[in-house]
Amino acid sequence: MRAIDCFYAARQERYAWMQEELDDWDNGSRMRVLQVTRWLENGWMEREGKRLFNLASNHYLGLCPWLDEATLMNVKTDCFAAGEAGVRIGSGASRLVVGHDPLHAELEQDMANFKQRDRCLVFSSGYMANVGVISALVGRHDTVFSDRLNHASLIDGAVLSRAEHIRYSHRDMNRLEHSLRKWSGDRVTRHKGLIVTDGIFSMDGTVAPLEELVVLAERYGTMLMVDEAHSGGVYGVGGRGLCHAVGVHQRVDVVMGTFGKAFGAFGAYVAADEVLIRYLINRARTLVYSTGLPPLMAAIVRRRLREVQAADEARDRLIRHVALFRARLRAGGLHTGAGDSHIVPVLLGSDRHAVAAGQALAEAGVAGIAIRPPTVPEGSARIRFAPMASHQESDLIWAADQIVQVVGSLKEDATDESNESMFQ
Ligand SMILES: *Cc1c(COP(=O)(O)O)cnc(C)c1O
């Protein structure tokens, strides 16, 4: 045997535990794989040579997913106007070193105006923002209160902060207040509390009770952080977000959002008071120790921001599309959960059932992806559908009918309807 083969064989042996776990996931309908996907016009896509109606993206407003000539020209103009020698591709360093480009500064100013807060700080992704912000704001002696259905990045931020992590049941303000009361009775004065919540919950489409959260944070003297990943660009005047729509944007300590979803680009922002942003610049490790967002992307996002602000028609269309789509699924007898936002889950229960539904839907020409634990709680596997403003109404109606048919026919064969009760 050649030396290289020996090394390979030895590694295979050492990796046996991985293979075992992969086999388990495969048998339990929990295997995840990458599938090459080509985006097409009008919210369609192509996968494995098959044309599919794309109901699985977060590109809610349906802004053009491609960098067209006009945008490229605008980006160049903006870069020259900012005094750049050209369109710079990479930051070349952490923004704290020599990576803070004029385009970052401009984007942060535009975003601060948009969010009507002192200051904004741009991160390279929403995941990085959440992990960086939470681990900067709280530490070992502090407490994070988070909704049980919060996004993984918020959970990871809490874990990394080493703070005590108290998870309250979904949107249950009584549970939260109970924990807050106990915490405020026990705590040493200088220990901090932070409540974190998704604005719109990513896998359920439910809406956080922001007014009540603001009141509780004020009453118990904790900070409040709202993740607008799914609501930014979609809700509020000009797409300013859910905090604006509800009128609490000045009362939330940290409003965070991503440019990866409705904006259809990449990167993320945090909007807050000047002092909090200055603190993050010094302490958010995902900002300090990582290369800044590409200036190219900052320039693209600035242009996107204008498009998002001007997208009232797309927002109206999205709301109409979702109402139509959800009503049709419900009329077909499907469980679409408790939410009424632009995210429409169809709750199926077992992983096997969700995977089978995803496959049958793909056969029928609809891309809706099975979401399984640990992304969602055990026994609540589902397909998450997200209509886009760029979809055609006739396509949406057709897709809803396919979904009703596919899920209906699977239900008849299903033997393990393990969790009906949790859908009530
Ligand atoms: C997608 C998402 C994020 C992460 O944002 P990225 O920019 O994709 O890293 C954070 N929070 C929530 C609720 C999300 O859905």
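How many residues of domain 1 are in contact with how many residues of domain 2? Keep that in mind while you set up the view; note also that the model is predicted.

**Stop 1: the two domains.** Select residues 26-63 together with 312-422 and colour them as domain 1. The centres of the two domains, taken over C-alpha atoms, are separated by 28 Å. Now for the opening question: 21 residues of domain 1 touch 25 residues of domain 2.

**Stop 2: a salt bridge.** Side chains of opposite charge can pair when their charged atoms come close. The structure has 22 salt bridges. For one of them, select R30 and D351, whose side chains meet with 2.4 Å from N to O. R30 sits in the loop between α2 and β1 (37-39), while D351 is in helix α15 (residues 351-364), so this pair ties together parts that lie 321 residues apart in sequence.

**Stop 3: a positive phi.** Select E48, in the loop between β2 (44-47) and β3 (50-54). Its phi is near 50°, which is a positive value in a residue other than glycine.

**Stop 4: a cis peptide bond.** Finish at P373 and P374, and show the backbone. The peptide bond from P373 to P374 is cis, and its omega is near 10°. P374 is found in the loop between β13 (369-371) and β14 (381-385).

Terms used. Residues are numbered from 1 along each chain as its sequence is written. This is a predicted model: local features need pLDDT of at least 70, side-chain atom pairs count only at pLDDT 80 or more; totals for chains, interfaces and linings use all residues. Side-chain values use heavy atoms; hydrogens and water are left out. Domain bounds come from an automatic or database domain assignment. Contact means heavy atoms within 4.5 Å. A salt bridge is a side-chain nitrogen of Lys or Arg within 4 Å of a carboxyl oxygen of Asp or Glu. Helices (H or I, at least four residues) and strands (E, at least two) are DSSP runs, numbered from the N terminus.
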